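Subject: Structure for you to look at

Hi,

Here is the structure I promised to pass on.

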Amino acid sequence: MPLLIQNRESDRIRSTVELFDKYPHLQEHARTFRSKPLADVEPKCLLYVQQREYAATTPADNCVSVIGSDDATTCHLVVLRHTGSGAACLAHCDGSSTWSEVPLLVKAVTSLSSVCKDGRLELHLVGGFNDEMKTSHKLSLNVLAAFQKQKEEIHLETCCITEMNDTVVNGNHKPVVYGIGVNVKTGDVFPASFPHKGPAEELRSARTFTGGQMVEIYDSARGLVKIDPCKWSPHLDIAFWLSQNDDTILKYMSTSPKAEPPHFVQHMKSTIQFLLDNPDSDSLFPGAQPQLFRRTERGEWERAVQS
């Protein structure tokens, strides 16, 4: 089933330029979206999604009010929501396996909406910019094409991607919006930043750094963040990166060195240090059990003791 745009089936999308030329209202919606004030989301009732992660829940969730993700340059942030059930899913896609990832997002929302007869699936895409390698353009087209291949009717509502999310600062192209949140109570999608990216921020970053694929990190039925066991080699030859200067780390570890947020290099270093400090990944998951985190009354995520 092709994507629906203004309730009409869209043709195959060959370029983002063609898409925005054909559907000028998407341009207007993108301009409106990127002009919204940036919300600084506090950790209480926030569920933060890192790169190659997704999470879904419903308005009935007492633990999560906002799902959010940021630090996206060429990456795309995807929100899929069912208007009847209010179930919403947010994913941080980097192009590693788009075609297998999109069905996971659709399933996450439809499975939470199975008892709801009314409503429709609405899609919001934000991310990318006019980068030199055209990585953003390729990811934009792949994400759109993957959603077009789904059997469900999916309505494209927000498309603030690539050239519509581009700005030039001191001669360098950068994204206008690096992060978004979705209010699972109201369905509102908005530009956002997140000072707190937990729980288990370094462990989750290490999983992605060492090649982990897209994974669901939240059990909405139990209100638990779930980090499944992941593996990496105890002999990773990465210590030398900690002695490199910022420009070198940016050059070799980023798809868009001139567009990264200021904390990118420190984030890379802390992830590498975590891997060096924990060469035996099995030790982080006693009994090969996942790490679980539940919300406290103060709104913080704390490690749940498994019986």
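Let's start with a term: rings of Phe, Tyr and Trp (its six-membered ring) count as a pair if their centres lie within 6.5 Å, and the pair is stacked with planes under 30 degrees apart, edge-to-face over 60 and tilted for the rest. Before I use it, a word on the source: this is a predicted model, where local features need pLDDT of at least 70 and side-chain atom pairs count only at pLDDT 80 or more, while totals for chains, interfaces and linings use all residues. Residues are numbered from 1 along each chain as its sequence is written, and side-chain values use heavy atoms, with hydrogens and water left out.

**Aromatic pairs**

How many aromatic pairs turn up in a search of the whole structure? The search finds five. In one of them, Tyr48 and Phe194 sit edge-to-face, 5.5 Å from centre to centre with 65° between the planes. Tyr48 belongs to strand β4 (residues 46-48) and Phe194 to the loop between β14 (189-193) and α5 (201-209), so this pair ties together parts that are 146 residues apart in sequence. (Helices, H or I with at least four residues, and strands, E with at least two, are DSSP runs numbered from the N terminus.) Are these two residues buried or exposed? Both Tyr48 and Phe194 are buried, where buried means under 20% relative accessible area, exposed over 50% and partly exposed in between (1.4 Å probe, protein chains only).

Trp232 and Phe274 have ring centres 6.4 Å apart and planes at 70°, so they are edge-to-face. They link distant parts of the chain, 42 residues apart: Trp232 is in the loop between β17 and α6 (246-253), and Phe274 is in helix α7 (residues 264-277). Trp232 is buried, at 8% relative accessible area, and Phe274 is buried at 15%. Elsewhere, ring pairs join Phe240, Trp241 and Tyr252 into a cluster.

**Sheets**

Two strands pair if DSSP finds at least two bridges between them. Four strands make an open sheet with antiparallel pairing, in the order β16-β17-β18-β19. β16 pairs with β17 (residues 224-227) over two bridges, and Asp219 has Leu224 of β17 as its bridge partner.

Strand β6 (residues 66-69) pairs antiparallel with β13 (residues 180-183) over four bridges, with Gly68 opposite Gly181. β13 is also joined to β14 by three bridges, again antiparallel, and Ile180 has Pro191 in β14 as its bridge partner. Five residues lie between the strands of the β13 and β14 hairpin, where Gly187 takes a positive phi near 85°.

**The largest pocket**

A pocket is an open set of points on a 1 Å grid over the protein atoms alone, with protein on both sides within 12 Å along at least five of seven lines; lining residues have an atom within 4 Å of a point. The largest pocket is lined by 29 residues, and Gln51, Thr208, Met253, Phe264 and Met268 lie nearest its centre. α4 (135-148), α5 and α7 each supply at least two lining residues, and α5 gives the largest share, four residues.

Happy exploring!

Note on methods. 1 Å grid on protein atoms, 1.4 Å probe; cavity = no way out; pocket = protein on both sides within 12 Å on 5 of 7 lines; lining within 4 Å.
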